[in-house]
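Trainee: I've got a model open and would like to learn how to read it. Can you walk me through it?

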Amino acid sequence: MSFAQASPLAGLSLAEVAARVLTCTDCPLSRGRTHAVPGEGAENARVLFIGEGPGWHEDQTGRPFVGPAGKFLDELIASAGLKRPDVFITNVVKCRPPGNRDPLPDEIDACRKYLDRQLEIMKPDVVVTLGRHSMARFFPGETISRVHGTWRRQNGLVCFAMYHPAAALHQQSLKTTLQTDILKLPGLLQEVNRPAQAEQPAKQLNLF
Ligand code: URA
Ligand code: SF4
C-alpha cells in the first residue's frame with residue numbers, strides 16, 4: 001500500500017501531526033506517559049531515523065533519543081558525516097511503553113498513522129530503521145541479524161536496517177556492528193540520488 005493513500009491525517013503539516021500526537025489517546029500508552037514524543041528534526045531532512053519508542057529520558061523531555069542510546073546515535077550520525085539538520089528522528093510508537101517493554105502490535109497499529117503522515121510529508125531519501133520493531137514494518141518477514149547493514153526499496157522508500165543503539169550499550173560486538181553499518185549510509189545517499197541522471201539514457205537505448 002502506498003503511503004499517499006488512506007492517511008486519516010491527510011493534509012496535516014508536520015507541526016499539526018506533532019500537535020495531534022501530544023494529545024492523542026488512541027492507545028493505552030497514553031495513560032502512562034509524561035510527554036508524548038512526536039519526533040524532531042528538519043522537515044526537509046534527507047534521512048529519517050525510526051526507533052522503537054520513547055524511553056525514560058524521552059518521556060521526561062518529550063524529545064527523541066536524548067538518553068544514553070541517543071548519545072550513541074548522535075555519534076553514529078556524526079561518523080556518517082551527517083549533521084542534525086540533515087536528519088529527522090522519530091519512533092514507531094510516540095509514547096513510552098511502561099518499564100520500556102516492547103510496544104504491542106495493537107499499539108504500533110494505533111500509532112502507525114502518525115509515522116505514515118510524517119513519511120508522506122518528508123519523503124526522505126533514506127529511512128533508517130533502528131531495531132526490530134522499526135525494521136518489521138519495512139522488511140516484513142525478515143530478521144534483523146540477516147538484514148542489518150542492507151537496504152531495500154519498500155513502499156517507494158529506500159530503507160536501511162540497523163540494530164537498535166540501546167542494544168549496543170550492553171554488547172560491544174553490536175556496537176562495532178552499528179559503527180560499521182552506519183558507514184554505508186553516505187554511499188547509499190549518493191546512490192539514491194544518482195540514478196535519476198545516470199539511468200535515463202540507458203533506458204532510452206533499450207527501446208531500440
Ligand atoms: N529508544 C528508542 O527507541 N527511541 C528513543 O527515542 C529513545 C530510545
Ligand atoms: Fe497515540 Fe501513538 Fe501515543 Fe498510542 S503511542 S497514545 S497511538 S501517540
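Predicted model: local features only at pLDDT ≥ 70, side-chain atom pairs only at ≥ 80, totals over all residues.

Trainee: Which helices each supply at least two residues of the shell around ligand 2?

Mentor: Those are α2, residues 29-32, and α5.

Trainee: And which residues surround ligand 2?

Mentor: Look for Cys24, Asp26, Cys27, Leu29, Ser30 and Arg33, then Lys94, Cys95, Ala110, Cys111 and Tyr114. Sorted by class, that shell holds seven nonpolar, one polar and three charged residues.

Trainee: What kind of space does ligand 2 take?

Mentor: A cavity is a space where a probe fits but cannot get out. Here, ligand 2 takes up the largest cavity.

Trainee: Where does ligand 1 sit?

Mentor: A pocket, unlike a cavity, is an open set of points. Ligand 1 sits in the largest pocket. Around ligand 1 you'll find Gly51, Glu52, Gly53, Glu58, Pro64, Phe65, Asn91 and His164. By class, those residues come out as two nonpolar, four polar and two charged.

Trainee: How much of the accessible area of ligand 1 does the protein cover?

Mentor: On its own, ligand 1 has 240 Å² of accessible area, and the protein covers 92% of that.

Trainee: Now for single residues. Is Thr90 buried or exposed?

Mentor: The cut-off for buried is under 20% relative accessible area. Thr90 has 1%, so it counts as buried. You'll find Thr90 in strand β3, residues 87-91.

Trainee: What does the side chain of Thr90 reach at 2.8 Å?

Mentor: The backbone oxygen of Pro38. The Thr90 side chain also makes a polar contact with the side chain of Lys94, at 2.8 Å.

Trainee: How far apart are Lys94 and Glu107?

Mentor: In sequence, 13 residues; in space, 9.7 Å from C-alpha to C-alpha. Glu107 is in helix α5, residues 105-122. Glu107 is buried because its relative accessible area is 4%.

Note on methods: Residues numbered from 1 in each chain as written. Chains lettered and ligands numbered in written order. Heavy atoms only, no water. Near = heavy atom within 4 Å. Areas by Shrake-Rupley, 256 points an atom, 1.4 Å probe, with all protein chains shown as cover. 1 Å grid on protein atoms, 1.4 Å probe; cavity = no way out; pocket = protein on both sides within 12 Å on 5 of 7 lines; lining within 4 Å. Sits in = over half its atoms within 2 Å of the grid points. Nonpolar A, V, L, I, M, F, W, Y, C, P; charged D, E, K, R; others polar. Helix = DSSP H or I, 4+ residues; strand = E, 2+ residues; numbered from the N terminus. Buried < 20%, exposed > 50% of the residue type's maximum accessible area, 1.4 Å probe, protein only. Polar contact = N/O pair within 3.5 Å; in protein donor to acceptor, adjacent residues only side chain to side chain.
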